[in-house]
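Thank you all for coming. Before I say anything, please take a moment to look at the sequence and the structure on the screen.

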Amino acid sequence: MDVRFINAFLDGTVDVLKMMAFVDPRAGKAYLKKDGVAKGDVSGVIGLTGAARGSLALSFSEPCILKVVSNMLGEEQASINGDVKDAVGELTNMVSGAARKKLEAEGLSVTAAIPTVVSGGGHSIRHVLGGPSIIIPFETESGPFFVDVCLTLANGS
Amino acid sequence: MMDKGLKILIVDDFATMRKVIRNILKQIGYENIVEAEDGAIGLRILKSQKIDLIVCDWNMPNMTGLELLKAVRADDDLKATPFLMVTAEALQENVVAAVKAGVSNYIVKPFTAETLNDKIQKILG
């Protein structure tokens, strides 16, 4: 996968979490994931088309997403409820948008669909292209989350 | 000094973002807020009550923010209503489309409370 993709999603994720949830995530080393099992407890998935096609997933551990959404809404969240799932969808949407803005600056115009959210321990993430995907792990003071990207240039590279 | 009694319509399919924007507006001092979860519902509200400012997402089911903006600008009774697009859609072609359709201002998510406040003051000032 093109390194421009990694940097765009990494930077876009940090921007969104800092600005909307006042959380300062630390990125770990990216690695290849070959199965479809989510790394977190709740995930948002969004399809991408245009100069690059595939999908992006954000997968959060429960303590991490509860802190993120509590900060966003100014209300303590105790469990992965409807409000939290809604927030995961919007966070996925915003990370997609922030990353696509950075990709556009690299000459890649990419559009996005409306995100879906799945939850539960060991749930699956179904990427549009089927996988494998690149995982960018992040740590926060409240636990980990993962950016899971499966994307290819529309010309096949 | 802005009129804090102005009625503001927030249109976004994500309840989270409606709540985030509502919280910021309340911090600024705006308490008279109504919400819609897509453009079609937003348009029904606009036709049934006086709204002083529309704060609207782009990507929504049923009627997008751009479609709502075009409908508002095509309606003699609504066309003067200030329209702030708050969206993750930062692609240049989208910004141009919104400007051509008559958007009053444009905010790209993620955003800070200060940015939202500044844009609203510029529109209403």
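Which unit do strand 1, helix 1 and strand 2 of chain B make? This is a predicted model, in which local features need pLDDT of at least 70 and side-chain atom pairs count only at pLDDT 80 or more, while totals for chains, interfaces and linings use all residues. Residues are numbered from 1 along each chain as its sequence is written, and chains are lettered from A in the order in which they are written.

To answer the question, strand 1, helix 1 (residues 15-28) and strand 2 of chain B form a right-handed β-α-β unit, where right-handed says that, with the strands pointing away from the viewer, the path from the first strand over the helix to the second runs clockwise. Helices (H or I, at least four residues) and strands (E, at least two) are DSSP runs, numbered from the N terminus. Strand 1 (residues 8-11) and strand 2 (residues 33-36) of chain B pair in the parallel sense over four bridges, pairing being called when DSSP finds at least two bridges between two strands, and B:I10 has B:E35 as its bridge partner.

Turning to chain A, we find three helices and eight strands, which run α-β-β-β-β-α-α-β-β-β-β from the N terminus on.

Finally, the contact between the chains, counting residues whose C-beta atoms, placed from the backbone, lie within 7 Å, takes 22 residues from chain A and 19 residues from chain B. On the chain A side, the largest share, 13 residues, comes from helix 3 of chain A, which spans 82-105.

How values were computed
Contact = placed C-beta atoms within 7 Å.
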